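Please take a moment with the sequence and the model shown below before reading on.

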Amino acid sequence: MTTTADDRTRTAVQVTSAPAATAPADERVDFGSFRVVHTRHWFRWTLGAIVIFVIAQFVWSVFTNPNYEWDVFAHYFFAEPVLIGVGYTLSLTAIAAAIGFTLGTVLALGRLSKSALLRAASWSYIWFFRSVPLVVQIIVWYNLGYLYPTLGLGTPFTTDFWIVEFPTVNLISAFAAAILGLGLHQAAYSAEIIRGGLLSVDQGQTEAAAALGIPARKRLFRIVLPQAMRSIVPNATNEIIGLVKGASVVFVIAIPEVFYAVQVIYNRNSRVIPLLLVAVVWYTLITTILSIGQYYIERHYARGTVRVLPPTPFQSFRRWASAQWARLGDAPAPPAPLAAASTPVTPDAGIPASQEIR
């Protein structure tokens, strides 16, 4: 008696499906009854406990140690000399940063120029101003009148100023010397930051723009520079924050910025620590504001690299609050009942009809 292919197929189907159809109900496994055992990170928990203890100890000492003299701190935090010093610090930082990054852009383009003369001149400027300490530069600019008593326009290579002439002491005041020292010093570092950002952009971007006939100026400001800003912004903000603190060195030429203002006050009343804390908190506030601005600027220039921008802290908090509010408004879901032994079994897959996945 011969067996056809159809008969063999029917026999195989019957053999394969038979165990599923006749599987006893007591062999089914309820995965919800398993006990979940989480990994215990003893080292991480111990280190975290030590960190929390150290922070708590420091906070406790801050509020209980009378040597901090918080009443003196509160009295001088908004004092007029301190607020004037904050204004000087912000003014010096803003003007010096504008000069530094504007001139730094020119120097960076000079370093990338095809002209050997421009490359050499830019490199020499960066080399010199990175070699001389900032405080020395400020003092030299403040005493420039010793080298050049008068400055003006006139016959080249002579001291005949027949167009305009100014006494150097009147032209370069203490504030002007601080601006020159901070701005020119910052330009040397900004040039390297900007040059590094421009070099980070793929050369094919420039070649494709040139092939389309886009002018060089538009290639720089519309194609290359926006992409380079992703690399420039973190380092540039770091330099600006350093400039805020670096502005404290102008006390050597008696400009009443924050540090100079608190120095004058604690030299009179001998309350050194509270007055230094005033300067510390003001510098921290300024740095915090700059760091927040850095976050949003980086997020703005990240639009071309990520599909979806990461949520801001405010957006994350709003989503979390909305989720918590929605959770409070919902009734708790009833627990899922366990399958009974007499639950009918589907003949196809051996899954109880009440738990069948649809």
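The sections below cover the annotated regions, a surface patch, one threonine and the salt bridges.

## Annotated transmembrane regions

The structure is a predicted model. An unreviewed UniProt entry lists residues 42-63, 83-110, 122-142, 162-184, 240-266 and 272-297 under "transmembrane region".

Two of these spans can be described from the model itself. Residues 272-297 are 100% helix and 0% strand, with their end C-alpha atoms 38 Å apart, whereas residues 162-184 are 65% helix and 17% strand, with end C-alpha atoms that lie 29 Å apart.

## A nonpolar surface patch

On the surface, a nonpolar patch is formed by Phe43, Leu47, Val51, Ile55, Phe58, Val59 and Phe63, which together have about 770 Å² of accessible area. One of these residues, Phe58, has its place in helix H2, which covers residues 42-64.

## The surroundings of Thr168

Thr168 belongs to helix H8, made of residues 168-171, and with a relative accessible area of 1% it counts as buried, because that value is under 20%. Leaving aside residues up to four places away in sequence, Thr168 touches Leu144, Gly145, Tyr148, Pro149, Thr150 and Leu151.

Two of these neighbours also meet the side chain of Thr168 through their backbone atoms: a polar atom of that side chain lies 2.3 Å from the backbone oxygen of Tyr148, and the side chain reaches the backbone nitrogen of Thr150 at 3.4 Å.

## Salt bridges

The model has three salt bridges in total. In one of them Glu69 pairs with Arg271, and the closest N and O atoms are 3.0 Å apart. This pair links distant parts of the chain, 202 residues apart, since Glu69 sits in the loop between H2 and helix H3 (70-77) and Arg271 in the loop between helix H12 (258-269) and helix H13 (272-301). Both partners count as partly exposed, Glu69 at 25% relative accessibility and Arg271 at 35%.

Another salt bridge joins the side chains of Arg111 and Glu192, at 3.1 Å from N to O. Arg111 lies in helix H4 (residues 80-111) and Glu192 in helix H9 (residues 174-199), so this pair ties together parts that are 81 residues apart in sequence. Glu192 also meets Arg195 in a salt bridge, at 3.0 Å from N to O, and because these two residues are three apart in helix H9, about one helical turn separates them. Through shared partners, the salt bridges join Arg111, Glu192 and Arg195 into one network.

Conventions. Residues numbered from 1 in each chain as written. Predicted model: local features only at pLDDT ≥ 70, side-chain atom pairs only at ≥ 80, totals over all residues. Heavy atoms only, no water. Patch = residues over 30% accessible without salt bridge, like charges linked within 9 Å, V, L, I, M, F, W, Y side chains within 5 Å. Areas by Shrake-Rupley, 256 points an atom, 1.4 Å probe, with all protein chains shown as cover. Salt bridge = Lys/Arg side-chain N within 4 Å of Asp/Glu carboxyl O. Helix = DSSP H or I, 4+ residues; strand = E, 2+ residues; numbered from the N terminus. Buried < 20%, exposed > 50% of the residue type's maximum accessible area, 1.4 Å probe, protein only. Polar contact = N/O pair within 3.5 Å; in protein donor to acceptor, adjacent residues only side chain to side chain. Contact = heavy atoms within 4.5 Å. UniProt positions renumbered as here; feature names shortened; annotations may be inferred.
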